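Hi everyone, thanks for coming. Let me put the structure up on the screen, and then we can walk through a few places in it together.

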Amino acid sequence: MKFKANTRRRALEYEKALVEQWKQNKTFEKSVEQRTADNAYVFYDGPPFITGVPHHGTLLSSIIKDAVPRYWAMKGKRVERVWGWDSHGLPAENFVEKQLGITDRRDIGTKVSLEKYVTTARDSMVANSETWEGVIDRIGRWVDFKGAYRTMDKNYMESVWWAFKTLYEKGKIYEGYKVLMYDTKFATPVSKNEVTMDNDAYQTVTDPSLYVRFKVDHNELIKKHPITYADLPDDLNISLLAWTTTPWTLPANMALAVSSEMTYCFVKLNGELLIMAKESLERVLIDEKKQPLTDYEIIKEVSGKDLKRVSYEQPVIETFSASIRMSNTYQVTTADFVTADSGTGIVHIAPAYGEDDYALKQDLQSNAIDIDDVLDENGFYRKDVADALYSFMPWRDNTAPLECWEANKDIAKGLVKAGIAWKIEYIQHEYPFNPRSKQRIMYRTVPSWFFDVQDQKQEMFTQNTEVINWFPEHLKHGRFEKNIEQAPDWNLSRNRFWATALPVWKGTDASGVEHMKVIGSYAELKELSGVELEDYHRPWIDDVTFDIDGVHFKRIENVFDGWFESGSMPFAQFHYPFENKAKFEQNFPGDFISEYVAQVRAWFYYVHTVNVGLFGKAAFKNVITTGTLAGNDGRKMSKSLGNYTDPNELMDKFSADSLRFVLLSSPLLNGEDFSLNDKDVGDVARKLSMVWNMYDFFTMYAEVDGWEFDGDLSDPTESLQNPLDQWIVSRVHQLALEVEKNMDTYDIPGAVKPILPFIEDASNWYVRRSRRRFWKSEDDGDKNNAYRTLHYVLVQLSQILAPFTPFLAEELYQKLTGGESVHLLDWPTAGHVNELVVGEMETVRDYVNQALSLRAKERIKIRQPLASVTVPTATDFVDQDAILEEELNVKRVITSSKHGTDVLLDFEITPELKREGLMREVIRHVQSARKNAGLNVDDRIKLGLRATGTLAEAIDEHRDAIATETLASTIGTEEYSYAATVKVEDEELVVTLEKA
């Protein structure tokens, strides 16, 4: 194979051309099919939402999901890579509702039919996928788009049904009530892990905090605790003073809680008695200007136990009359969670809207507190409650629906005006918002279907500890383990529309007993109902009913949490267990997954939960977790902030490989956050271009000398005599070993780290120091070894770069070998590493660096020769003296340990040394003139040099050296076709030349 100079293509040109070449040649498919099915490497692709748009975070994830499979394919593994789409859930519904102009959930089924809603959702999911393929191609990722699975596909949903029924039969699924995060805009519970997976879930809000009077009858106190309260004055109103930051929940108040360990005071103030914790007095009893009140009197102190079971008046609306309420409703109880850190030491309890509140209800004997959810599914008050609240807010339109969040501040003001609330303050605090709806989240007691996570936590801990390799490692027993430890039972059901339908049918017999049937397959449903559907989404699945033993069964309306679908991906993508049973079971658990750090609490956790529940095994063996990618100002990437360059523009400017390399070598791969700057990509592009500088050098001289590649890519070590060749071949073998060691442990930053230093070594040491070997012709054997060595090293480098910079690697490999694809090769087997040569070369280079630093400190240019350098030790294999003389431009190398480990330079410049330094400046200017004149490197020239004084003396003295270095056949003072006038240390030099 012959080589031709000036054949390098721009990155933009070859990257786009290679995408098409790979497609035409089916290179990706070949890379998979050339490996046997019994040697599979299983990669799970965390599916992005199909409604999303590609961005830098998507590219980061895709780059990792490309680099790792490429590496393992080169290691001999069959690595099938199938794209997947998350096409269900709130992100998809939000997308559809914007399309249909829906702003209120209640419009679905009224203004817009459910059938149209779901049909629009399905159509939107299909249409949006094309946006992604072009970007994924551009970044160089190989993945099967045509065979992509979607969570909305009929087969996928059937596997989800199977999983649910299997878990139900194992006793891991139950129906019950819990306080859950709830979104009133979407009218559904939401996953806490999903809401809090990113850092923007909690926002600072200003809310009214209200001190509310709960009136107590004097006789009631005496009735419950006659001895304790007999001495209280009977002519004053008595109120328990409770504090709340959620005034909107007051209509649902069912109890008050105090601490049995705290002391409570009856405080006489402005003709009434207010009961509060003694520890809270200083904080609570202040005026509007935050000044202490002084006109109060402590009438009595009692223990919290003395307030237990005291009844009070519900201040807003009594939704449970005395005849029907439970025994502890509208009474004081004690609770461990009550403290005096804030508020009054008396806590308002609304079991429908608080985790502690509901837990307290559950803890009381016979759950003896009522519960009343006073809101509809969208957060509007029930009419009787709204009417009661409107009586305190006469300035509002009492015919309009009353929404809890919007009315919260007015409710507080109205209760103060009505004398129910003692005072109002405003506080700033962190409150959760749903990133999908931008709506405040409330905690609400909701009937749901739950996954019993508590029962399998030990299995989840064990599998994490024994099976999963985490990178970065601290996540294993850090965030992931802590998430398992703190995880509640998982709420699986959603009151929504566009998702896999929960396969639960219920019916009630003649005696009022409820019966339930959980379905695990479409065939099972057909056997019961006689119905087979083309689409098992709502509303069509809602119409499927059946009868068993006289009981009519109808499906409950809930759908699945989208995370249960995502967690089912390892088996559902194969339609397991209905198809591909052997394939799945032989390749489970998977070898590798990767996502950004928020998915530790989300996708990683849910996949782990579902699959440990079903199979008793972790679903994946190795996981890479990245940090969060920020814009160039450190803030979240945002179009409105303009803090990042469009990825396509960035890749077109610098190269996709440069962007890949920056991200793979960034702190992101250690789980840290990282701000992407265009300059970083440009810097890497410049460093990677040294590979092409070496290629240009090689092809330029190979064309001149007619050196050809004979197809032999074997390790040339045994035939190499020159230590420089032995060194660079050993270095490329070292590189292959180091990259391999780190990639085997999924340490991508560790794998990438030595690549640029190697390229620097190869370009700025090996090629630069070998330059004369390519020029000279007296030793053809050494020159041939130089060609073969550089060719071998560049081909080896192309293989090592292949997983990380696939375009550059492919272009380099094809141009150097004519081979089909570097991505069809095995990972290079590292040959011999000559440790002695490598060590000595490192020592010599260290001497060079030390001496160059001394030169720089003295401000003496490298072209100025010096008399000598003194170094502490000598070398055996590397020609230390020759290297130091040339690199440092010194006449002599002295080896002496008298000065310890220091390197010393003799800075005395004699007139002879000065003239030689001027000669080197002349050579530099002639070489520049040759280049500007457009001459080839091997063109011989006629050279004219005109100067005066010391400069002329230097030219005369070193005429032969100048001629040799510049390929000048003659040197005189004549004028030739190309001329340039330059300055050499303030003396004028006229250079003229032309091709000889």
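Let's begin with a pair of helices. Helix α25, residues 723–744, packs with helix α28, residues 780–801, at an angle of about 10 degrees, and their axes are 10 Å apart. Because of that angle, α25 is roughly parallel to α28. On the α25 side, the contact is made by D725, I728, V729, V732, H733, L735, A736 and V739. On the α28 side you will find N785, A786, T789, Y792, V793, Q796, L797 and I800. By class, the residues of this contact of α25 with α28 divide into 11 nonpolar, four polar and one charged. Before I go on, please keep in mind that this is a predicted model.

Now for a second pair. Helix α3, residues 56–74, packs with α23 at an angle of about 90 degrees, with their axes 10 Å apart. So here α3 is roughly perpendicular to α23. From α3, the residues L59, L60, I63, I64, D66 and A67 meet L659, R660, L663 and L664 of α23. The contact of α3 with α23 has eight nonpolar residues, no polar ones and two charged ones.

Let's stay with α23 for a moment. How many of the residues of helix α23 are buried? Nine of the nine, so this helix, residues 656–664, is largely enclosed by the rest of the structure. Both R660 and D657 are among those buried residues.

You can find R141 in the loop between α6 (130–138) and β2 (144–150). Is R141 buried or exposed? With a relative accessibility of 4%, R141 counts as buried, because the cut-off for buried is under 20%.

Not counting residues up to four places away in sequence, D542 touches L114, K554 and R555.

Last, let's turn to a sheet. Four strands form an open sheet, in the order β31-β30-β33-β32, with mixed pairing. At the edges are β31 (968–972) and β32 (978–984), each of which pairs on one side only. On average, neighbouring strands of this sheet are turned by 20 degrees against each other, direction ignored. What joins β32 to β33? Seven bridges do, and the two strands run antiparallel, with β33 covering residues 987–995. For T981, the bridge partner in β33 is V990.

Helix α32, residues 911–932, lies across β30 (941–946), β32 and β33, and runs at about 145 degrees to β32. Helix α33, residues 949–957, packs on the sheet and touches β30, β32 and β33, its direction making about 40 degrees with that of β33.

That's my tour, and I'm happy to go back to any of these spots.

Note on methods
Residues numbered from 1 in each chain as written. Predicted model: local features only at pLDDT ≥ 70, side-chain atom pairs only at ≥ 80, totals over all residues. Heavy atoms only, no water. Contact = heavy atoms within 4.5 Å. Pairing = 2+ DSSP bridges. Axes fitted to C-alpha atoms, helices over the stretch in contact; angles between N-to-C directions. Parallel < 35°, antiparallel > 145°, perpendicular 65-115°, else oblique. Nonpolar A, V, L, I, M, F, W, Y, C, P; charged D, E, K, R; others polar. Buried < 20%, exposed > 50% of the residue type's maximum accessible area, 1.4 Å probe, protein only.
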